[in-house]
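Dear colleague,

Here is the structure for you to take over. My notes on it follow below.

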Amino acid sequence: MTAVAKQTPAPAILSVADLAVGFARRDGGTAPAVRGVSFDLHRGEVLALVGESGCGKSATALALIGLLARTARVGGRVDFGGRNLLQLPEREWESIRGRRIAMIFQDPMSSLDPLYRIGDQIAEVLRQHLNLSPAALAARIRELLVLVGIPDPDLRLRQYPHQLSGGQRQRVVIAMALACDPEIIIADEPTTALDVTIQAQIIDLLSQLNRRIGMAMIFISHDLGVVSRIAHRVAVMYAGQLVESGPCERVLQAPAHPYTRGLLASVPAAGMAPKTPLQAIPGMVPDMARLPPGCAFRNRCAQAHDVCQTPPPLETHTPGRAARCWLAAQESRI
Amino acid sequence: MNYYIRRIIVALLTVLVSSSLVFFAIRILPGDPVLMRLGESAATPEVVAQMAARLGMDVPVPVQYLHWLGGLVQFDFGNSIATGRPVAEELVKRLPRSLELMAGGILVSLCIGIPLGVVAARRPDSLIGHTASVVALVGLSAPTFVKGLILIILFSITLGWLPSSGYTPFLQDPAANLRAMILPSLTLGLGFAGVVQRVTRASLAETLNRDYVRTVRAKGVSERRAVYRHALPNAMIPVISVVGMRIGSMLGGMVVIESLFNWPGLSSYLIEACYARDYPAIQASLFIIFLVFSFISLTMDVLMGVINPRRRDV
Ligand SMILES: Nc1ncnc2c1ncn2[C@@H]1O[C@H](COP(=O)(O)OP(=O)(O)O)[C@@H](O)[C@H]1O
Ligand SMILES: [Mg+2]
């Protein structure tokens, strides 16, 4: 991986500060989903957002592209292109979505409109943002299908989604995301719904595209094994907060937060060499509306002690690495 | 076997079975067409027997049934007991009038039901959304007769804008024909608009939350385009299938409307035939009505295949 690029402090193209997302409840209250997340995304970088289901990864992603449900309440800042995206009126979003920030969703079986041909669905995003002649449009669609590795593109672009396999449909979704050369692609669990072999192919494709085209990517996954194959940096989320972040290899080699260690232990793949036998983290994902005081991970943590009743801050324990754990802070001081 | 060929065969069988049921049912019901025609007091046994022979009713019912079936395959429905003229002649005249009315009714129900459904689905918690649903509910639940009377009183008697009855052939005077169509079509369509509104609302509320609509929004297209080019066409699939299935419920409305607006269509012919126990006329008009409804629901099926590519492969 390109270790050089990520160590030179390139300016951030996207800067998220104290992002908070809550969903309005029927009783008038708010159910928190994201609780003060901050990170920077740099040019050409793949940042992985990792955590168990329900920890707020998708809510974070959707906030960055302005597609949260209408019941969502958002706070904080998202700086992109000199503007705070969280305050963007809907009309201005239209020139950012698909053009400068694109998104790939989890389930390729349901993310294409069944009533339109593949070619027309790709054409839609190109027509929306670029002023291409019909010939240039057709050429670009074909080029994109080749780029994402779809064999026989001339046939495929005339077909409907149900005539393609899941892996091919995800390639089409990726082609749509790439269509207008966006600066950022957000991929929300792009391989979770796919078979293991297809999963590997799609990861390779995304990784290769990142190296060739150089767009930055926020790659969301619940699987650290998948993340290790593509990400430069990881940010681990738990109960709506970041609990650990840092360069990918280093976090995976020496996780600083017990939650990250737990996630690693539950990775099935070889190569990662989990120290303990394969196991899930004990206990349940907490309800964010009724969190215990102190560290949110406390009731599932084997190393919890008295100090954990005070909420730990997200602290830099080693240059470039941060963790939200009293232990990490102690260890680095020794 | 091809899906549509199978579908057509099933439809034809259904029409045949229901028409046959009608054939036997009307003969079980009280009332003898021969006696009704002659007048009970004047009828001597010889006259009755003579009349029955002329009407082909002197043979056992199963034989009558075979005669009827034999005529059916040649589109010969026999002669009316009441007038003595061929039933087919009358049907050819009246069927287009009823079809015109039905087309008007469907048009009205789609033009009212779909927009109200869209409004209610897009703004489920707003005043306008609730209003749309309430309006549709009133249209759905008020009796056809009451809706018709209200429209007549309002537009015909009070405002004097539209005729309350009568029929002018389209070829004779298109404008008069269409003017006379408006009130009956509205009355017929309003009830069905309620059905269309409810299905559209439920179906669109669902497709608006589908992943592919989110994908479309992520492309940066306008919300309008996401709704009208993607969510709504997908939402129309169940609407079409419900319209196809529930179209038969329009029949009841047709009967009321043709008599309320003095519309000389098939339903009013059927009513007259029932009063006269005019067996051939009853059988023939119901046969045609069954055929028309089967044909409409078949058309809806084909239409589904046209908008839904997944259906083309079955
Ligand atoms: N549209 C919504 N309405 C209400 N709650 C939601 C909605 N979307 C997500 N949530 C809640 O927000 C939390 C975070 O969800 P999400 O971001 O989808 O998690 P992840 O993607 O990490 O699995 C969960 O508790 C989930 O139930
Ligand atoms: Mg998610």
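A polar contact, as used below, is a pair of N or O atoms within 3.5 Å. By that cut-off, Ser58(A) makes such a contact with ligand 1: an N or O atom in the side chain of Ser58(A) is 2.6 Å from an oxygen atom of the ligand. Please keep in mind throughout that the model is predicted.

Ligand site

A backbone N or O atom of Ala59(A) lies 2.8 Å from an oxygen atom of ligand 1, and for Gly56(A) the corresponding backbone distance is 3.1 Å. The residues around ligand 1 also include Glu52(A), Ser53(A), Gly54(A), Cys55(A) and Lys57(A), as well as Phe23(A), Ala33(A) and Ala69(A).

The UniProt record, an unreviewed entry, places the feature "domain: ABC transporter" at residues 14-264 of chain A. That span is 36% helix and 27% strand, and its end C-alpha atoms lie 28 Å apart.

Largest pocket

The largest pocket holds about 1300 Å³ of space. Its lining comprises 39 residues; those nearest the centre are Leu68(A), Ala69(A), Arg70(A), Thr71(A) and Asn209(B). By class, 20 of the lining residues are nonpolar, five polar and 14 charged.

Cavities

Searching the whole structure gives three cavities of 30 Å³ or more. The largest cavity contains about 90 Å³ of space. Two or more of its lining residues come from each of α5 (87-122), α11 (250-260), α12 (266-275) and α13 (279-307) of chain B. The largest share is from α5(B), with four residues. Among the residues of the lining are Leu95(B), Met102(B), Met254(B), Leu266(B), Ile289(B) and Phe293(B). The lining of this cavity has nine nonpolar and two polar residues, and no charged ones.

Confidence

The model scores ipTM 0.88 and pTM 0.83. For chain B the mean pLDDT is 84, with 97% of its residues at 70 or more. Which elements of chain B have the lowest and the highest mean pLDDT? The lowest belongs to helix α2 (residues 33-38) of chain B, at 74, and the highest to helix α9 (residues 211-218) of chain B, at 95.

Regards

Conventions
Residues are numbered from 1 along each chain as its sequence is written. Chains are lettered from A and ligands numbered from 1 in the order in which they are written. This is a predicted model: local features need pLDDT of at least 70, side-chain atom pairs count only at pLDDT 80 or more; totals for chains, interfaces and linings use all residues. Side-chain values use heavy atoms; hydrogens and water are left out. pLDDT is the predictor's confidence in each residue, from 0 to 100. UniProt positions are given in the numbering used here, feature names are shortened, and annotations may be inferred rather than shown by experiment. On a 1 Å grid over the protein atoms alone, a cavity is a set of points where a 1.4 Å probe fits but cannot get out, and a pocket is an open set with protein on both sides within 12 Å along at least five of seven lines; lining residues have an atom within 4 Å of a point. Grid points are joined across faces, edges and corners, and a volume is the space filled by probe spheres set on the points. Ala, Val, Leu, Ile, Met, Phe, Trp, Tyr, Cys and Pro count as nonpolar, Asp, Glu, Lys and Arg as charged, and the others, Gly among them, as polar. A residue is near a molecule or strand if one of its heavy atoms lies within 4 Å of it. A polar contact is a pair of N or O atoms within 3.5 Å; within protein, one must be able to donate a hydrogen and the other to accept it, and residues adjacent in sequence count only if both atoms are side-chain atoms.
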